[in-house]
Amino acid sequence: MDYKTLMDTAILAGRIMLESNAETYRVEDTMNRILKTSKFETTEALAMTTGLVATLDDPSIDDPITIVKRISIRDINLNNITKVNTISRQLTSEKITISEAYAALQSIGEVQYKRLYKDIATAALTASFALLLGGGFFEILAAGINGGLLALVLKGEKKLDMGSFVRNVLSSAVISVGAVLMQSFIFPTVNMNIVIIGTIMPLVPGTAITNAIRDTLQGDYMSGGAKALEAFVVALSIALGVAIGLVIGGALY
């Protein structure tokens, strides 16, 4: 067995799952299952919100193998988590080899949908939230337009490689300004609160809050606390951005 490839496979699986916002206990379980295929005496995997550690050790090898991986990017991608789980199950049931599993994990990063489809989905999502919040036709239309503006802003921010705090503040500010201007010049009767709330919903850290609770209930207090703090910072940045946007929008009007 190629133990170096096995370690790389476990680390890659863990990295993809953490970057896709999976719970840390789920990441550790997946990595441990992959490492246990080595039949070594010691197989350990540690996942934190910002890093991974994996170790293999056995009397049959001279020195233990340990890899540390820093995780700095996190986003929500449940499809990637599902794919990693499927590959790990196929590997542990010996349906595929380690090399095949590693190659399959490497292909997960390929683009799944065109950017245009994602932008349209964002606009449709914000319009749907406006509907759920009790908005009428004009609120739904304004939220959809604002959702398209949000998609454009996020695309530009991604190219500039901004930090998550700055990105959320800027995005929230832009959509707040957009809502104020639409109420002032296009839809005078629109409920601006519904438009703004519906548009910021894609930015709300719902998954981070859920994972923080689940990790805490699993006894992983460090990761649970880190994700709870992350959710708080995201919520704070959104609130700050909306406030700035309302001030700027009022000044422009």
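Biologist: Is Glu94 buried or exposed?
Modeller: Glu94 is exposed, with a relative accessible area of 68%. Buried means under 20% relative accessible area, exposed over 50%, and partly exposed in between, with a 1.4 Å probe and protein chains only. Keep in mind that this is a predicted model, where local features need pLDDT of at least 70 and side-chain atom pairs count only at pLDDT 80 or more, while totals for chains, interfaces and linings use all residues. Residues are numbered from 1 along each chain as its sequence is written, and side-chain values use heavy atoms, with hydrogens and water left out.

Biologist: Where does Glu94 lie?
Modeller: In the loop between helix 3 and helix 4. Helices here are DSSP runs of H or I with at least four residues, strands are runs of E with at least two, and both are numbered from the N terminus. Glu94 also has a positive phi of about 60°, although it is not a glycine.

Biologist: And what about phi of Asn21?
Modeller: Phi there is near 70°, again a positive value in a residue other than glycine. Asn21 sits in the loop between helix 1 and helix 2, but this residue is buried, at a relative accessible area of 10%.

Biologist: OK, packing now. How many residues has the largest nonpolar core?
Modeller: It has 32 residues, and those with the most contacts inside it include Val27, Met31, Val84 and Leu105. A nonpolar core is a set of buried Ala, Val, Leu, Ile, Met, Phe, Trp, Tyr and Cys residues joined through side-chain atoms within 4.5 Å.

Biologist: Which elements give two or more residues to that core?
Modeller: Helix 1 (3–19), helix 2 (24–35), strand 1 (42–48), strand 2 (51–57), helix 3 (78–92) and helix 4 (98–106). Helix 1 gives the most, with nine residues. Apart from this core lies another, of 16 residues, among them Val190 and Val242.

Biologist: What does Val84 touch?
Modeller: Leaving out residues up to four places away in sequence, Val84 touches Ala13, Ile16, Met17, Thr30, Leu105 and Ile108. Contact means heavy atoms within 4.5 Å.

Biologist: Which residues line the second largest pocket?
Modeller: Tyr25, Arg26, Asp29, Thr30, Arg33, Asn85, Ser88, Arg89 and Thr92. On a 1 Å grid over the protein atoms alone, a pocket is an open set of points where a 1.4 Å probe fits, with protein on both sides within 12 Å along at least five of seven lines, and lining residues have an atom within 4 Å of a point. Helix 2 supplies the largest share of the lining, five residues.
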